[in-house]
Amino acid sequence: MTESNQKEMNAILLDGKETSNAIKVEIAKEVEEITKSGRRAPHLAAILVGEDGASKTYVKNKELACQRVGFASTLLRLDATTSEEDVLAKIREINANDAIDGLIVQLPLPAHISENKVTQTIDPTKDVDGFHDVNVGKLTKGEDTFISATPFGIIQLLERYNIDTSGKHCVVVGRSNIVGRPMSILMSRNGNPGNCTVTVCHSRTQNLADFTRAADIVIVALGKPEFLTGDMVKPGATVIDVGISRVDADNERGYVLKGDVHFESCEKVASAITPVPGGVGPMTIIGLMQNTLKSYKLRHG
Ligand code: NDP
């Protein structure tokens, strides 16, 4: 987005890039203090199975983020034909390695590998993606845990921009285990941000626009480019766009990234809105860094 575009905007831009950079500086400072005192830096390990283009980009961005905050990182690349048992064995190896604080396995996995088995094999104390049942259970009960990175990032964006959520009606579109479901739990929790009255919409919801039009906060996570249009948004609402889809385009890369929100029409109606790219994406990565630091501190005090 150009500067002139920003000036013409009606809604406040919830800038995930700027916010995540500010958090990055805070983490880097903490890591510097840790290493200055002679202790090792926090360490994140990632397993990537196969050659999926988007997954490779995500993992690369996570490695770069580790470098920027001063974490150690290890990337284990496994061939797409690696057996499920071999992937699980690698996870157990990393679980047992005291020099590693966090472990993520990039999803999606090849069809012959069970996502559930993989996520449940990761030691819950190293599960910085927050996908293990123990951590999901704690989140549901409102206990301290690793909140999965995307919902964690969104919560922090709302907090840092002082978006008032208490008593508001929040509509979450999407009920996946990694975004929609945990997001709806967090927005309804007794805390800040939170204390919303939450409606969860999904592919069976009828008259979906009636719900989004009634929402003070709309969080859209369905993976359908530009699904939410301005006529589906209540004037003054906060709009959070989680979606990232590659849409074919006549450019060098052959695609452009699109969110689930039709930005141009929604920003005219909303009071605050996240862009894609530069909104929820960078906040997700920083959430992962924060979870890794948290794991390190829980391990080393
Ligand atoms: P899933 O495909 O797992 O879930 C999509 C959800 O949207 C489902 O609950 C589905 O309903 C619902 N849905 C699908 N179509 C409709 C429809 N027409 N109307 C209403 N609801 C619908 O996706 P994810 O949650 O994993 O991801 C969603 C998007 O967010 C994707 O674009 C993904 O790339 C992006 N993403 C971005 C991240 C980031 O860092 N910014 C991180 C993670 C995801 P049902 O349950 O009925 O099938």
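Guide: Two strands pair if DSSP finds at least two bridges between them, and strands themselves are DSSP runs (E, at least two residues), just as helices are runs of H or I with at least four residues, all numbered from the N terminus. What you're looking at is a predicted model, where local features need pLDDT of at least 70, side-chain atom pairs count only at pLDDT 80 or more, and totals for chains, interfaces and linings use all residues. Residues are numbered from 1 along each chain as its sequence is written, and side-chain values use heavy atoms, with hydrogens and water left out.

Visitor: At about what angle does α3 run to β3?
Guide: Helix α3 covers residues 53-69. It packs on the sheet and touches β2, β3 and β4, where contact means heavy atoms within 4.5 Å. Axes here are lines fitted to C-alpha atoms, for helices over the stretch in contact, and angles run from 0 to 180 degrees between N-to-C directions. For α3 and β3, the angle is about 160°.

Visitor: Which strands sit at the edges of the three-stranded sheet?
Guide: That sheet is open and parallel, in the order β3-β2-β4. Each edge strand pairs on one side only, and those strands are β3 (72-78) and β4 (102-105).

Visitor: In the six-stranded sheet, what is the bridge partner of leucine 13 in β11?
Guide: This open sheet also has parallel pairing, in the order β1-β11-β8-β7-β5-β6. β1 (12-13) and β6 (197-201) each have a single partner strand, so one side of each lacks a neighbour in the sheet. Two bridges join β1 to β11, residues 272-273. Within β11, leucine 13 is partnered by isoleucine 273.

Visitor: How many residues apart are glutamate 30 and lysine 297?
Guide: These two form a salt bridge (a side-chain nitrogen of Lys or Arg within 4 Å of a carboxyl oxygen of Asp or Glu), with their closest N and O atoms 2.7 Å apart. Glutamate 30 is in helix α2 (residues 16-36) and lysine 297 in helix α11 (residues 280-300), so the pair links distant parts of the chain, at a separation of 267 residues.

Visitor: Is glutamate 84 buried or exposed?
Guide: Glutamate 84 forms a salt bridge with lysine 117, their closest N and O atoms being 2.9 Å apart. Buried means under 20% relative accessible area, exposed over 50%, and partly exposed in between (1.4 Å probe, protein chains only). Lysine 117, at 44%, counts as partly exposed. Glutamate 84 has a relative accessibility of 17%, so the word for it is buried.

Visitor: Where does glutamate 226 lie?
Guide: Its salt-bridge partner is lysine 258, with the closest N and O atoms 3.4 Å apart. Lysine 258 is in strand β10 (residues 255-258), so this pair ties together parts that are 32 residues apart in sequence, with glutamate 226 in the loop between β7 (217-220) and β8 (238-241).

Visitor: Which residues do salt bridges that share partners join into one network?
Guide: The structure holds 13 salt bridges. Those with shared partners make one network of Arg40, Asp101 and Arg299.
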